[in-house]
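Biologist: I'm new to this one. Can you show it to me and walk me through it?
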Amino acid sequence: MRGVVVVGGGMAGLSTAEALRSAGFDGTVTLVGEEPHRPYSRPPLSKELLTGKGTTRSLVLRDEPEFDALRLDLRLGRRAVRLRPAERAVELDDGALVRGDAVVIATGATARRPDTGLAGVHVLRTLDDAEAVREGLEAVDRVVVVGAGFIGAEVAASARTLGLDVTLVEAAPTPLTRVVDPRVGEVLTELHRDNGVDVRLGVGVTGFEGGNRVERVRLADGTAVAAPMVVAGLGVRLNTDWLAGSGVELADGVGGVRLDAYCATSVPGVYAAGDLANWPHPRYGGRVRLEHWTNAGEQAAAVAHNLLAGAGRRRPYTPVPYFWSDQYGMKVQLLGQAAPADTVEFVHGSPAERKFVAFFGRGGMLVGVLGLRSTPKVMRYRPLLTEPTTWEQALAAAGR
Ligand SMILES: Cc1cc2nc3c(=O)[nH]c(=O)nc-3n(C[C@H](O)[C@H](O)[C@H](O)COP(=O)(O)OP(=O)(O)OC[C@H]3O[C@@H](n4cnc5c(N)ncnc54)[C@H](O)[C@@H]3O)c2cc1C
């Protein structure tokens, strides 16, 4: 193995490069990234960066000496447009071809944009997006957030922290339906109401109105909400277009690049990690895809190991998924999966206290632990998710 091409300069791409070097790989590591910035941290974009507690500089993932020590063949501001597996090459948008014995796909995702050209309607995925949102929030006294997923929820919380009037609109009857059982989704919604957000659930957006700039958001119930600014958190589109015709198989269902248990794609020598990776996880009864910061780093490390290891030394990737969110100074943490669940139990605290740990069960097994303002307790239960644990064993471990 003399060269590895990593496509995508986010957390998964940087972590792959780092893990290759940590494992002693001395060949060429090419890192191709469409954004002009050196790899930076996305989680603070909707939190510290909006509330002024963080700066663009504080987001940089590695300081200069550490980054330079990776000795990367760095191609920033360049987009991969095609994967040519027969040549083990990636074609860039300037026509250049970069070659390697292995290719790692880490191109993540792009925010879904609402269908409008009006100024003042934002999405939030990149540093440039976040700077535009921050500037926008400074210039208005109210904002409408469309979509009550985690990013929408965090933008709503940050805007309230700045003292703006906030309306949060969500088409589903409870927020976060895909990631959190509704019994907990409801509690997380109440946090917004506690903090003065006008939450509108079960009502979709039918359009954005205004001259050049947005002025109103029109809702499916016929009402309109005044909106000098809108931030849409409508989920993502995975960046897999450049793989068309390459033979790299994509996945049905939750989508993404279809991997085997070792994070290898259907094309030999081509691996994937991060938000677009879809792989079989033995503890969740099928394939999973995680849009989680920690997964991007851990999966990249698994990819680096497996692509350097000989056939007998490869390891299946079976992490305990971990996600956190910060809203109104409170931390939400999730280990494993919190939806779908057929059993939910609050094992410590309660929704009324706005402080709890909840267990999620499926088919008699523990599949997830979620905490609000309960960091040490949540993390204490991580070992229950590294091995199959029955619902009864889990409750016993919580003293129930
Ligand atoms: C605002 C925000 C807040 C978040 N908060 C949290 C949180 O609190 N907790 C948590 O667990 N997770 C959070 N996440 C999710 C987390 O940031 C992602 O899971 C993580 O960034 C995924 O990393 P990635 O490297 O797979 O993809 P990305 O971060 O999307 O990086 C992919 C990179 O590849 C580049 N790229 C795309 N296409 C091409 C191409 N064709 N050629 C070259 N380069 C390309 C992109 O420009 C991008 O820079 C948050 C995400 C956002 C946007």
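Modeller: Start with helix α5, residues 127-138: it has twelve residues and reaches 17 Å from its first C-alpha to its last, close to the 16 Å expected at 1.5 Å a residue. That expectation is 1.5 Å times one less than the number of residues. Helices (H or I, at least four residues) and strands (E, at least two) are DSSP runs, numbered from the N terminus.

Biologist: What kind of model is it, and how are residues numbered?
Modeller: It is a predicted model, where local features need pLDDT of at least 70, side-chain atom pairs count only at pLDDT 80 or more, and totals for chains, interfaces and linings use all residues. Residues are numbered from 1 along each chain as its sequence is written, and side-chain values use heavy atoms, with hydrogens and water left out.

Biologist: Which residues of α5 are buried?
Modeller: Leu-127, Asp-129, Ala-130, Val-133, Gly-136 and Leu-137. Buried means under 20% relative accessible area (1.4 Å probe, protein chains only).

Biologist: What do they pack against?
Modeller: The helices α2 (48-51), α3 (56-59) and α6 (150-161), plus the strands β9 (121-122), β10 (142-146) and β16 (230-232). Contact means heavy atoms within 4.5 Å.

Biologist: How many helices and strands does the protein chain have?
Modeller: Eleven helices and 26 strands. Of its 400 residues, 54% count as buried.

Biologist: What box does the chain fill?
Modeller: Its C-alpha atoms fill roughly 60 × 60 × 40 Å, taken along the principal axes.

Note on methods:
Buried < 20%, exposed > 50% of the residue type's maximum accessible area, 1.4 Å probe, protein only.
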